[in-house]
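Open the model in your viewer and keep the selection tool at hand.

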Amino acid sequence: MKQRFLWLVLTLLLPALGLAAVRLEGVRLWTAPDHTRLVFDIDRPVEHSVFALENPDRLVIDLRDTRLQGDLDTGELSNRQVSGVRYGKRGDGDLRVVLDLWRAVRPKSFLLMPQQQYGHRLVVDLHDRGGDGTPAVAKSIDELGDLRDVVVAVDAGHGGEDPGAIGPRRTREKDVTLAIARRLKAVIDAEPGMRAVLTRDGDYYIPLRKRMAIARQHRADLFVSVHADAFRDKRVHGSSVYVLSRRGASSEAARWLAAQENSADLVGGVSLDDKDGVLASVLLDLSQSATQQASQAAARRIYDHLGRVGKVHGNRVQRAGFVVLKSPDIPSVLVETGFISNPGEERRLTDGAYQKQLAEAILAGVREYFREEPPPGTLLAQQRRRKHVIRPGDTLSEIAERYQVSLSMLREHNRIRGDRIRIGQVLTIPGG
């Protein structure tokens, strides 16, 4: 953990001190049925800004304190949305990339951490402006470019001036939840094809709706909020799992449809700002229904695995109107890891070994859920299909190792003699 923290500090400070610049190693363009994905290969996370210009339509991408490794090959960076790409250095050491567009677009940008054969990446997605905003549905996962990790937003309850529940030994809920959340992030990050983001990573308070916004900002596939319960009867103990109640969902739907601040947000990948009231209500209802079903599925698996660690309070997943569960487009689960008001459970909740057990139980439930319902475009989705599309640099031995099958079985299953494979070739993985 200390090494990762030092790495993060150096990553942030070195560019600011002028001791090192972000290195841009290349740019790739991918065309999906309804959007374009531009991928910048970089050697570390980069501060960037994206803005549009009109007459003619252009998109400007400024990369702070960035230098090129060699020349940028822009010869094939064009499609139905992009007519050409230009770039140049700026006096302050930044790099500016300009996309000449055939028409105006709605850009979305985000950073991806290293995964498999890829390093750090900046992704800029271009959606047609004025379209229906429907998420990309490609014929093949690989039309979307890089396979991404499943993202789990881990929310440590309370924090800062809000200590949460306080145990008999003055243990504060905010400290327990942060410790468990950090352990949960660690085990999720160690899981191939998955990564976690913390809504908070210190003793400070984040408003409840801001926690939802952080999850949406990171395009989370699942939101898990970690808490420690309390009750007036100190004998009560056990963990529990919650999803949003139907009444809570209804009140949130009304808020989304009425609040000006939500008018341009995405719900299930669809913008509500250009829809009339009836259509917006229908779209929101569909999004909420799918989200609630997914939340219930994830919660049930987490509940089952928590039951193997200790007593589970109640005999099923429970429903409540917690604000952090109200995101209409992100499946959300709240885990009460135990009753901090119970002296015995308070001791366990402060024990590192028990915290790790809880984190691993939650991970087991999350893993089981995503193996059955992997989001499209993710490594887990490809592994579930047990298909592999050959990419530049792939070798049969590396593919066999990645999917944990023998090289001879991989050859035999795909009727391959020797080691010759071609880019774009689809291999079926034995055992799929």
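Start at Phe322, which is partly exposed, with a relative accessible area of 31%; buried means under 20% relative accessible area, exposed over 50%, and partly exposed in between (1.4 Å probe, protein chains only). This is a predicted model, in which local features need pLDDT of at least 70 and side-chain atom pairs count only at pLDDT 80 or more, while totals for chains, interfaces and linings use all residues. Residues are numbered from 1 along each chain as its sequence is written, and side-chain values use heavy atoms, leaving out hydrogens and water.

Tyr242 is buried, at a relative accessible area of 12%. The structure holds two aromatic pairs; rings of Phe, Tyr and Trp (its six-membered ring) pair if their centres lie within 6.5 Å, and planes under 30 degrees apart count as stacked, over 60 as edge-to-face and the rest as tilted. Tyr242 and Phe322 form an edge-to-face pair, 5.3 Å centre to centre with 85 degrees between the planes. Helices (H or I, at least four residues) and strands (E, at least two) are DSSP runs, numbered from the N terminus.

Next, select Tyr369 and Phe370. Their ring centres are 4.9 Å apart and the planes are at 55 degrees, so this pair is tilted. Both Tyr369 and Phe370 are buried.

Now centre on Val152. Beyond its neighbours within four places in sequence, Val152 is in contact (heavy atoms within 4.5 Å) with residues including Ile188, Met194, Leu222, Val366 and Phe370.

Ile188 takes you to helix 2, where the buried residues also include Val176, Ile180 and Leu184. The buried residues of helix 2 pack against elements including strand 10 (150-156), strand 11 (194-198) and helix 7 (352-372).

Finish at Arg211, which lies over the face of Tyr205, 5.5 Å from the ring centre. A charge sits over a ring if NZ of Lys or CZ of Arg is within 6 Å of the ring centre and within 35 degrees of the ring normal.
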